[in-house]
Amino acid sequence: MTAVLQAKERKGSRNSNLTSLRKEGNIPAVVYGSKLQSQSIYLSEADFLKTIKEVGRNGVFSLDVDGSKHEVVLGDYQSNPIKNEIVHADFLAVDMNKEMTADVRVVLTGDAAGVKDGGVMQQSMHEVSVTATPNNIPSSVEVDVTNLQVNETLTVADIKADRGYEINNEDDEVIASILPPRQEEEINSGEEQEAGTPENEEGRETTADEDKTGEE
């Protein structure tokens, strides 16, 4: 059953109106996309967070704007980290039979063999671009690193097979690698050295006093 998020048309765009909406626990938003003219709306922040948690960042759900329903995905949103609140959201109306492109987070799974041997896991890519029909866009791309050894690298080419969607990144882009253990050389700089004398003193300069001593 498709999740439904209720929204209402928003007519005022002044800062004072937007501030009032947010104080009432609402989010100013915009919906646009397939065969739909851009429309300003607002909706409950609590309902928004509940819906996105239910369907996922790239999930499809129904946006009900004053009784008019649209199949949408969350296009983008802005948040205020200080106040810990959503300040604006964009919803993209989609055609369920038409492919779309979205950025999807990469999740590494499994305990890498190289890490067990003392290596350090380095994740170079945290998102990939995928293309599929809306219902086939995954909430995340899971990548199994169980067999990854020290000094080995996992690239996009290694994960493209057996997917229900197309990954658009270049094959040679690195997703993760296992770095070798760090080896620190201990250098003892406090060791005292014995004073030595030249093995061959021939030809070295002498002082005037030494010359006189030799003459006596």
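Strand 7 (100-109) supplies the largest share of the lining of the largest pocket, 6 residues. The model is a predicted one, so local features need pLDDT of at least 70 and side-chain atom pairs count only at pLDDT 80 or more, while totals for chains, interfaces and linings use all residues. Residues are numbered from 1 along each chain as its sequence is written, and side-chain values use heavy atoms, with hydrogens and water left out.

The largest pocket itself has a volume of about 310 Å³. A pocket is an open set of points on a 1 Å grid over the protein atoms alone, where a 1.4 Å probe fits and protein lies on both sides within 12 Å along at least five of seven lines; lining residues have an atom within 4 Å of a point. The volume is the space filled by probe spheres set on the points, which are joined across faces, edges and corners. Of its 16 lining residues, Arg-57, Asn-58, Leu-74, Ala-102 and Asp-103 are the closest to the centre. Besides strand 7, strand 5 (68-80) gives two or more residues to the lining.

Buried means under 20% relative accessible area, exposed over 50%, and partly exposed in between, with a 1.4 Å probe and protein chains only. This core has 25 residues, and among those touching the most other members are Val-128, Val-143 and Ile-167. Ile-167 touches Val-128, Ser-129, Val-130, Val-156, Ile-159 and Lys-160, leaving out residues up to four places away in sequence; contact means heavy atoms within 4.5 Å. A second, separate core of 20 residues includes Ala-3, Leu-5, Ile-52 and Ala-93.

Within strand 7 sits Thr-109, a partly exposed residue with a relative accessible area of 25%. Leaving aside neighbours within four places in sequence, Thr-109 is in contact with Glu-142, Val-143, Asp-144, Val-145 and Thr-146. Thr-109 and Val-145 are 36 residues apart in sequence, yet 6.1 Å apart in space, C-alpha to C-alpha.

Next comes an open sheet of 3 strands, in the order 8-13-11 with antiparallel pairing. Two strands pair if DSSP finds at least two bridges between them. Strand 8 (120-123) and strand 11 (153-155) each have a single partner strand, so they stand at the edges with one side left without a neighbour in the sheet. Strand 8 is joined to strand 13 (residues 174-179) by 4 bridges, and Gln-123 has Ala-176 in strand 13 as its bridge partner.

Most residues other than glycine have a negative phi. Asp-66, though not a glycine, has a positive phi of about 55 degrees; Asp-66 lies in the loop between strand 4 (61-65) and strand 5 and is partly exposed, at 49% relative accessible area. Asn-151, in the loop between strand 10 and strand 11, has a positive phi near 75 degrees and is exposed, at 60%.

Overall, the chain has 4 helices and 13 strands, and buried residues make up 34% of its 216 residues.

Technical notes: Core = buried A, V, L, I, M, F, W, Y, C linked by side-chain atoms within 4.5 Å.
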